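Student: Please take me through one part of this structure up close. I'd like the details joined into one picture.

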Amino acid sequence: MDQIGFALPVIPGRSEQARSFFEELEHERKSEYTASERRIGVTRELWFVQQTPNGDLLVAYIESPNAAEALRSFSQSQDAFDQWFKRGLAAVTGVDLNNPPPWPLSEQVSNYS
């Protein structure tokens, strides 16, 4: 099972918008979210808001049998829910997951199970 994590800076002043986005994801759009994750091959996904002295971050943790394929599939997806998700994330971070940033994902340096 692949495990990946990454952090995206929240645009200053948009932390509450980020929370509202994830609130909608967890409630009104939960069934669409579940269908999307199954379709792209993600078995677990967690999102956190991390406050820092330099601004808030959205921190993601994802598990998938093939994370590279899942991320590629998601970035190329034209599915209506996936597009909604990518627009919502871009609105609060400025990052367009249709064209993922060129920097590498976070490096895993420890794992305790």
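Tutor: Skipping neighbours within four places in sequence, Leu-71 is in contact (heavy atoms within 4.5 Å) with Ile-4 and Leu-105. Keep in mind that this is a predicted model, where local features need pLDDT of at least 70, side-chain atom pairs count only at pLDDT 80 or more, and totals for chains, interfaces and linings use all residues. Residues are numbered from 1 along each chain as its sequence is written, and side-chain values use heavy atoms, leaving out hydrogens and water.

Leu-71 sits in helix α3, residues 67-76 (a helix is a DSSP run of H or I, at least four residues, numbered from the N terminus).

Now hop to helix α4, residues 80-93, which holds Gln-83. Gln-83 has a relative accessible area of 15%, so it is buried. A polar atom of its side chain lies 2.7 Å from the backbone oxygen of Ser-77. Leaving aside neighbours within four places in sequence, Gln-83 touches Ser-77, Gln-78 and Asn-98.

Helix α4 also meets helix α1, residues 15-26: their axes come within 9 Å and cross at roughly 160° (axes are lines fitted to C-alpha atoms over the stretch in contact, with angles from 0 to 180 degrees between N-to-C directions). So α1 is roughly antiparallel to α4, the label for angles over 145 degrees. Among the residues making this contact are Phe-21 of α1 and Trp-84 of α4.

Definitions and conventions:
Helices (H or I, at least four residues) and strands (E, at least two) are DSSP runs, numbered from the N terminus. Buried means under 20% relative accessible area, exposed over 50%, partly exposed in between (1.4 Å probe, protein chains only). A polar contact is a pair of N or O atoms within 3.5 Å; within protein, one must be able to donate a hydrogen and the other to accept it, and residues adjacent in sequence count only if both atoms are side-chain atoms. Angles under 35 degrees count as roughly parallel, over 145 as roughly antiparallel, 65 to 115 as roughly perpendicular and the rest as oblique.
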